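Subject: Handover of a structure, with notes on what was found

Dear colleague,

Please find below the structure that I promised to pass on, followed by notes that you can read alongside it.

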Amino acid sequence: MNRRTFLAGAITAGATQACSGPARSDEKPVRTTPLRAGYFGTQYYDEREKQEVREVLDNRQPFRWYGPGSQPPLKVATFEREFAKRMNTGFALAVTSGTAALTTALAALQVGPGDEVILPAWTWYSCFNAIVLSGALPVFAEIDESFNLDPEDLGKKITPQTKVILAVHLQGNPCDMGRILALARQHKIRVLEDCAQSLGANYKGRPVGSLGDIGIYSMQLHKTITAGEGGAVVTNDPALFDRATRFHDLGLLRQPHEEWLGHSQLSPFAGSQYRMNEFTGGVLLAQLRKLDRIVQSLKANAQRVYEGIGDLPGLRLRLRPDAKGEMGSAVFLDLETKSRRDRFLTVMKSENVPASPPSGSALLPVQPYIEGKVTVHPAWPSFTSERGRSIKYGAACCPRTIAILDRFAGVALHPKFTRSDTDDIVAAIRRVYLGMIG
């Protein structure tokens, strides 16, 4: 039987499938119990994380910079050095969260009142909030089928006031950094990479976060590695690192960071307090040393699913600017319309292989506080200028983003899925997809 004959037979068989259950009333679901992806990093906790925490307890040195004893605390400092090496950057700064990392990176870039920062309409609240808290103006651009910034629409949103492009690598999928960086260079704009959802992804062989001027990561519970909370800022630019480390610690520059820099050209200024403690640093140090194993397992599971559904007729997958560099957090299909997407979700659930629309972010322009430009104080500078008052948010500023999110559905993956689990995902997608097109 050749491939065409096989597909024709499969489609004919699948055409009998109802939209609310398996293909035939006497046909069992692919799985007897629902498949759940769950969190990544916590599933890799073992004696190594426990040992790191025990050492902090035994030394009674939970604070980042000093404590009892003749030796200084070194968990966070070691994490920073190893993280910089893994991310292929000159410097890394550990902070309390991904949101703190965003705020710190914008401060390092000297973003403030009168500046504009372009961000995707589909991303997490922290991106918009950090821009507003810096006093700058958020400008939304559409996403493309990668769920990341659409470089074509990005180009249309650049103005003389644009200071930073916030390139967010969502759900393990790198942005089209080649086109984004080319636009940035053309207009002399800085690029901040938000890698909160993609720690471990690569673009053209380089870790995401190492391509732009500065990058940030999150180690919150949902992320690749985790200590519950935690974040990091990376850069190759000594001046950006100098300003970032000062901002994260009351405007000061502590000796370990000064030694890393070699020398500082900045004076103290008003900063925040986003220091990571040694408990968090210890757990993240143990997790970082498992990062490659986690990512390799996740990619292998995704590859088995991609190969298992690759011959489906008319299949359109999520756009992947670098398929080799994508982490494989989920496999997304373009179902063409919202109604077809919703049918796909319903039937996949009945097969006990649940699928979902793109998740982990929010459609920001339609959030009431964003559409209404609500800030902590009525005179907040982001929206008091003529440009700030005139800019319009809401659904009208992101129709393509809404349309893309309405027609895609995907199955979340996990690095600890077994081969049987990935076989079930392939079987369910094939059965449901072929039934829908029959």
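Helices (H or I, at least four residues) and strands (E, at least two) are DSSP runs, numbered from the N terminus. This is a predicted model, in which local features need pLDDT of at least 70 and side-chain atom pairs count only at pLDDT 80 or more, while totals for chains, interfaces and linings use all residues. Residues are numbered from 1 along each chain as its sequence is written, and side-chain values use heavy atoms, with hydrogens and water left out.

With that definition in hand, we can begin with Asp 153, which lies in helix H6. Asp 153 is buried, with a relative accessible area of 11%, where buried means under 20% relative accessible area, exposed means over 50%, and partly exposed is in between (1.4 Å probe, protein chains only). The side chain of Asp 153 reaches the backbone nitrogen of Glu 142 at 2.7 Å. This is listed as a polar contact, that is, a pair of N or O atoms within 3.5 Å; within protein, one must be able to donate a hydrogen and the other to accept it, and residues adjacent in sequence count only if both atoms are side-chain atoms.

Ser 146 can be read together with this, as its place is in the loop between strand E4 (137–141) and helix H6 (151–157). Ser 146 counts as buried at 1% relative accessibility, and its side chain reaches the backbone nitrogen of Asn 148 at 3.1 Å.

Next comes helix H4, which spans residues 98–108 and is mostly covered, with ten of its eleven residues buried. Among the buried ones are Gly 98, Leu 102, Thr 103 and Leu 106. The N-terminal end of H4 is capped by Ser 97, which has a side-chain oxygen 3.4 Å from the backbone nitrogen of Thr 99. Just after H4, Gln 110 takes a positive phi of about 60 degrees.

On a 1 Å grid over the protein atoms alone, a pocket is an open set of points where a 1.4 Å probe fits, with protein on both sides within 12 Å along at least five of seven lines, and lining residues have an atom within 4 Å of a point. The largest pocket has a volume of about 1000 Å³, a volume being the space filled by probe spheres set on the points, which are joined across faces, edges and corners. It is lined by 40 residues, of which Gln 171, Gln 197, His 222, Ser 359 and Gly 360 lie nearest its centre.

How many aromatic pairs does a search of the whole structure find? The search finds 15, where rings of Phe, Tyr and Trp (its six-membered ring) pair if their centres lie within 6.5 Å, and planes under 30 degrees apart count as stacked, over 60 as edge-to-face and the rest as tilted. The rings of Phe 79 and Phe 83 have their centres 5.3 Å apart and their planes at 35 degrees, so this pair is tilted. Phe 79 and Phe 83 are separated by about one helical turn, because they are four residues apart in helix H3 (residues 75–86). Phe 79 is buried, with a relative accessible area of 1%, and Phe 83 is buried as well, with a value of 0%.

The rings of Phe 247 and Tyr 274 have their centres 6.3 Å apart and their planes at 50 degrees, so that pair is tilted too. Phe 247 lies in helix H8 (residues 238–247) and Tyr 274 in the loop between helix H9 (255–261) and helix H10 (278–288), so the pair ties together parts that are 27 residues apart in sequence. Both Phe 247 and Tyr 274 are buried. Elsewhere, Phe 128, Phe 140, Tyr 369, Phe 383 and Tyr 393 form one aromatic cluster.

Two residues remain, and each has a positive phi without being glycine. Phi of Arg 60 is near 55 degrees; Arg 60 lies in the loop between helix H2 (47–59) and H3, and counts as exposed at 63% relative accessibility. Phi of Lys 204 is likewise near 55 degrees; Lys 204 is found in the loop between strand E7 (202–203) and strand E8 (206–207), and counts as exposed at 57% relative accessibility.

With best wishes
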